[in-house]
Amino acid sequence: MDTRPDMVLFWIALWSYLAGTVGACIYAGVRKPSVRGIVYGVTLVGLVSQTIALGVRWVASGHPPVTGPFDYMLLLSWAAVLAFIVMWRTKGLELLTVFAAPVGVLGMGVASLFPSRIEQQLIPALQSYWLWIHVSLAALGEAAFAVSFVAAVMYLIGDWRGWERLPDKETLDMVTYRAIGVGFPLFTIGALLAGAIWANSAWGAPWSWDPKETSSLIVWLVYAIYLHARFVKGWRGVGTARLAVLGFLMTLFTVLGSRFLGGLHSYGV
Amino acid sequence: MLGPIPLVILVPLIFLAAALFFQKFRNWLTSMRTAIRLLVAMAAVSMIGVLVGQQLPPEAYTERYGDVLGLFVFRSGLANVFRTWYFVLLGALIVVSTVTCTLRRIVRLVKRPGRRISATGSLLTHLSIALIAAAGLVTALTGFRYPAPRYLEAGDVIEVPEGGFSIRVDAARTEFTEEGSLSEYLTDVTVFEDGTEVLKQRIEVNHPLNHRGIGVYQYEMLPSSRSIQHAFIGVVVPVSETAPLRRDITAVPGEIVQIEGTDLSLKVLEFLADFTYDIETGTAGLASIRHDNPAVLVQLLEAGELVAERWFFMGHAGHRDDSDLPCRIFFLDYIPDFDDGLTRFEFAKQPGTPLLFAGLGLLSLGLCLTLWTRRPPGVA
């Protein structure tokens, strides 16, 4: 086992989230406040460990930890768990917050598949302050999409199996919408605007129809369809929840797909 | 055949039909259902562009998908889907739909001026789509981007296409950190217009030269193909049959290195990154600038007297008979010369870029205003 401080903290966070996930499953069955308290507690321990791990990696590398797939998934899951924790105190969303831990497990589990070494020296293409703006804003936007995904999945489960053990459908629908409402502008600024500005100085064109650029556009289009459907057509419920799920699956494809599809982004995430 | 009376009836009928068609088309184009369908179609076509590798040679598709499907992918335009007529048509329809909807919204906003901030945000968002499309059109019609046709070394001059100026490379090098990690590619250049020096600049990745509307980008960098920093040479001297003397030496080109424990010495004279031999002229040369077949010309001396001068190839020991030499020589490895490198630029003219940035900026602003100031639909 890696004994580097950041990795020790990484594993503490991952095990905490795992414990939180088990607790969340138990809570879904027994609904005891004491179980919920334990779930919150271990999730918070995970979040604190993950926050310190990110800080340690920042200090050790000399730059924000946003440069490789490991760091990116770490940041993305951190932001998503943080968003859930923020909802903790919101009335009616306590049950939703229970899902912070599984999201943390998923994100950190994916991160653990990639090399975790700390790169002090960035390759020339990544030596730009636009890297931090582009990646961090895109990650924050995608973290908000993760929240909308969880709410939408719960909505679909409720529609399928009944609502007894879930928050009410209006709350889930609203959380899905609000999370997309927060994430969509952040994603637009980070992934599209900042990405285009940086691409123009690094590659000679703001847009190259690179697989990652194009799949980001598809993510954008899916959420644009969601917002149009909801704003103008007044669509609610299962249809928009499915769109939110599709949007996040496309987001995951965008984040991880360029590892396999190649293109200009293939040195990073 | 048609007399004056049928024409009198026919012409208004044609106009009426055209007007009806136009109205129906406008209604279709401005409906939200159409907008959503267009966005879905755009997403679907874009997905093809992600999954099917773009702008590859035809054989790449037949190799990947088989003869029939590969040929279909190439001929149907799926291999260059973002330049097909249907993709362009789809984009044009989205823009026209967006602009038409925006004009309607402006009229509505003027008539009913409530919720100004979010309505303005929505307007900006939709107008920005037109700006982005216009930017793409301007660049597609008048822009270009391609790598320079050749690598350049210090002293080389290249004419910049459509730029009206030329660039001389003054230095091209790769820098590393003390730990040996790649740090930066640097090319120092001088810009000339009509033979007159007008500018000196360093071109790096993320820091292009922008001159007269043309961007000159650091595209590639290779170490020198004719010089190295060090050569690592293995020497085996048969001092006895059972225990030959083995020495690994580090040779700096041009310097004589004594082989310890013997009266032999050697000197690396030349390096070629991709060795080839011209039988007609009897000279060695470069097959390419890539480091595909590295070779060093080594001079072997015994007690200060020249014994032999031969080319040795990396990874090809034992392929020929060197039994006339007093020792066996192996070219093991080398450290390339990164200070005197070969640089390659990319030239780009993207006149739509400022418009694109303006469009994306407006889009971002519009979305923030719309989504962060507006009460969600369905909330009282």
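Predicted model: local features only at pLDDT ≥ 70, side-chain atom pairs only at ≥ 80, totals over all residues.
Colleague: How do strands of a sheet pair in general, and which strands form the open sheet in chain B?

Modeller: Strands pair through backbone hydrogen bonds, either parallel or antiparallel. Here three strands of chain B form an open sheet, in the order β9-β8-β16, with antiparallel pairing.

Colleague: Why is one side of β9 and of β16 of chain B left without a neighbour in the sheet?

Modeller: β9 and β16 of chain B stand at the edges and have a single partner strand each, so each has one side without a neighbour in the sheet. Ignoring direction, neighbouring strands of this sheet are turned by 15 degrees against each other on average.

Colleague: How many bridges join β8(B) to β9 of chain B, and how many pair β8 with β16 in chain B?

Modeller: Seven bridges join β8(B) to β9 (residues 245-251) of chain B. Look at B:Val235, opposite B:Arg247 in β9(B), and at B:Gly234, opposite B:Asp248. Strand β8 (residues 228-237) pairs with β16 (residues 328-336) of chain B over eight bridges. There, B:Ile228 has B:Pro336 as its bridge partner.

Colleague: Now chain A. Into which domains is chain A divided?

Modeller: Domain 1 covers 1-74 + 84-115, and domain 2 covers 126-269. Their C-alpha centres lie 21 Å apart. The contact takes 14 residues from domain 1 of chain A and 19 residues from domain 2 of chain A.

Colleague: Which element gives the most to the domain 1 side of chain A?

Modeller: α3(A) does, with three residues. The residues on that side of domain 1 of chain A divide into eleven nonpolar, three polar and no charged.

Definitions and conventions:
Residues numbered from 1 in each chain as written. Chains lettered and ligands numbered in written order. Pairing = 2+ DSSP bridges. Helix = DSSP H or I, 4+ residues; strand = E, 2+ residues; numbered from the N terminus. Axes fitted to C-alpha atoms, helices over the stretch in contact; angles between N-to-C directions. Domains from an automatic or database assignment. Contact = placed C-beta atoms within 7 Å. Nonpolar A, V, L, I, M, F, W, Y, C, P; charged D, E, K, R; others polar.
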